[in-house]
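Here is a short report for a reader new to this structure. Look over the sequence and the model first, then read on.

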Amino acid sequence: MMELKNIGVRFSGRDVLKDVSVMFHSGEIIGLVAPNGTGKSTLMNVIMNYINPNSGKVILNDELEYTNKKNEVKIHQLVSMMPDQSDLYNQISGKEHLKIYSSMWNSQPKLIDETIKELGMSSYINKNTGTYSLGMRQRLCFAMQIVSDTQVMLMDEVMNGLDPTHVELISQILVKKKSEGKTVIVASHLLENLEKYADRIFFMKNGELIQVNDISPGFDVREITTVRVTDVTDTLKENFLKEFPKTNVQTLPNGTTLIDVQGYGSGELGNVLAFLKANHITEVNFGKVTLGDLYSMYYQEG
Ligand SMILES: Nc1ncnc2c1ncn2[C@@H]1O[C@H](COP(=O)(O)OP(=O)(O)OP(=O)(O)O)[C@@H](O)[C@H]1O
């Protein structure tokens with residue numbers, strides 16, 4: 001378990017992190033959504049103690065804090081950040097990289113071969129990483145962190161440059177790590193992918209971390225059932241509300257209109273769909289509010 005307590009970071013008089021307090025538990029995947037420049041790297045750097053916050057602290061397992069070098073070494077055995085592609089040494093093989101990580105974290109050596117197999121890296125793992133494609137390098141960086149086998153894993157843009165097959169594969173491995181009790185914190189811009197596996201998702205804005213379930217009550221990410229439509233004019237919306245006055249309708253900055261049909265029976269739902277069809281609305285999607293919808297609500301509004 002990792003706690004961030006009242007973390008504040010100020011750069012050039014600007015609050016990049018503002019009194020951030022949050023608890024991350026074992027066996028959960030945290031999704032972190034942060035448009036460029038909102039403080040995601042700063043947050044990760046504070047967690048790793050690469051940046052000293054102006055206020056607040058990071059607490060591991062209720063007791064460990066970055067109060068001295070000895071504790072830092074202990075915490076870094078428990079918390080790791082996925083390496084960046086620029087951290088790779090071109091002149092040695094992928095397997096050498098995995099061995100180095102395994103010995104640095106003193107993890108079980110069998111994890112190396114298991115991870116190579118799981119990620120389908122056997123055909124190139126013994127070649128120098130200088131010969132790797134971007135996707136291969138990315139998979140290696142991910143594999144290095146998996147091999148380190150720490151309790152908390154921070155991953156910044158883990159899916160960068162990966163094709164859909166590998167995005168899926170890595171998503172499955174993240175879920176497996178969660179089932180092993182790891183805390184996995186993934187910062188990603190792939191919203192559709194993130195919402196498939198993340199247990200809790202936070203948006204970063206103005207130095208704050210907001211859990212998406214708190215953003216728009218009534219349009220909760222997991223529970224509310226909606227009809228999603230595009231190309232709804234103001235007049236059509238007015239007519240719709242005359243016909244269905246009790247229905248909650250919300251048009252997002254991205255042009256999608258959400259019609260809340262939670263609790264509607266098939267008759268009522270049929271009436272809504274018939275109305276839309278009669279008004280030539282053919283792009284109709286039935287489901288929950290998506291993370292993309294919430295992103296639009298939160299970051300693009302007025
Ligand atoms: N050492 C620093 N000194 C001054 N300002 C900084 C410093 N580090 C970051 N910042 C500023 O803090 C803000 C957040 O930076 P940060 O690198 O955390 O963003 P980010 O969310 O990781 O962005 P990106 O996704 O583009 O990497 C930015 O406005 C950046 O200019």
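Helices (H or I, at least four residues) and strands (E, at least two) are DSSP runs, numbered from the N terminus. Two residues are in contact if their C-beta atoms, placed from the backbone, lie within 7 Å. Axes are lines fitted to C-alpha atoms, for helices over the stretch in contact, and angles run from 0 to 180 degrees between N-to-C directions.

This is a predicted model: local features need pLDDT of at least 70, side-chain atom pairs count only at pLDDT 80 or more, and totals for chains, interfaces and linings use all residues. Residues are numbered from 1 along each chain as its sequence is written.

Two strands pair if DSSP finds at least two bridges between them.

Strand 1 (residues 2-11) pairs with strand 4 (residues 55-60) over five bridges. There, Leu4 stands opposite Val58 of strand 4. Strand 1 also pairs with strand 2, over seven bridges. Met2 stands opposite Phe24 of strand 2. The hairpin of strands 1 and 2 has two residues between the strands, and Ser12 takes a positive phi near 45° in it.

Ala, Val, Leu, Ile, Met, Phe, Trp, Tyr, Cys and Pro count as nonpolar, Asp, Glu, Lys and Arg as charged, and the others, Gly among them, as polar.

A second open sheet has six strands in the order 6-7-8-3-9-10, with mixed pairing. Strand 6 (79-81) and strand 10 stand at its edges with a single partner strand each, so one side of each is left without a neighbour in the sheet. The twist averages 20° from one strand to the next.

Strand 6 pairs with strand 7 (residues 152-156) in the parallel sense. Strand 9 (residues 200-205) pairs with strand 10 (residues 208-211) in the antiparallel sense. The hairpin of strands 9 and 10 has two residues between the strands, and Asn206 takes a positive phi near 50° there.

| Strands | Bridges | Facing residues |
|---|---|---|
| Strand 6 and strand 7 | three bridges | Met81 and Leu154 |
| Strand 9 and strand 10 | four bridges | Phe203 and Ile210 |

## Helix 4 against helix 5

The axes of helix 4 (residues 110-118) and helix 5 (residues 134-148) come within 9 Å and cross at roughly 145°. The crossing is right-handed, a term for a near helix turned clockwise from the far one by less than a right angle. Leu111, Ile112, Thr115 and Ile116 of helix 4 meet Ala143, Ile146 and Val147 of helix 5. This contact has six nonpolar, one polar and no charged residues.

## Two domains

The domain assignment, which is automatic or from a database, gives domain 1 (2-214) and domain 2 (225-299). Their centres, taken over C-alpha atoms, are 37 Å apart. How many residues of domain 1 are in contact with domain 2? The count is 10, and they touch seven residues of domain 2. Helix 7 (191-197) and strand 9 are the elements that give two or more residues to this side of domain 1. Helix 7 gives the most, with four residues. By class, this side of domain 1 has seven nonpolar, no polar and three charged residues.
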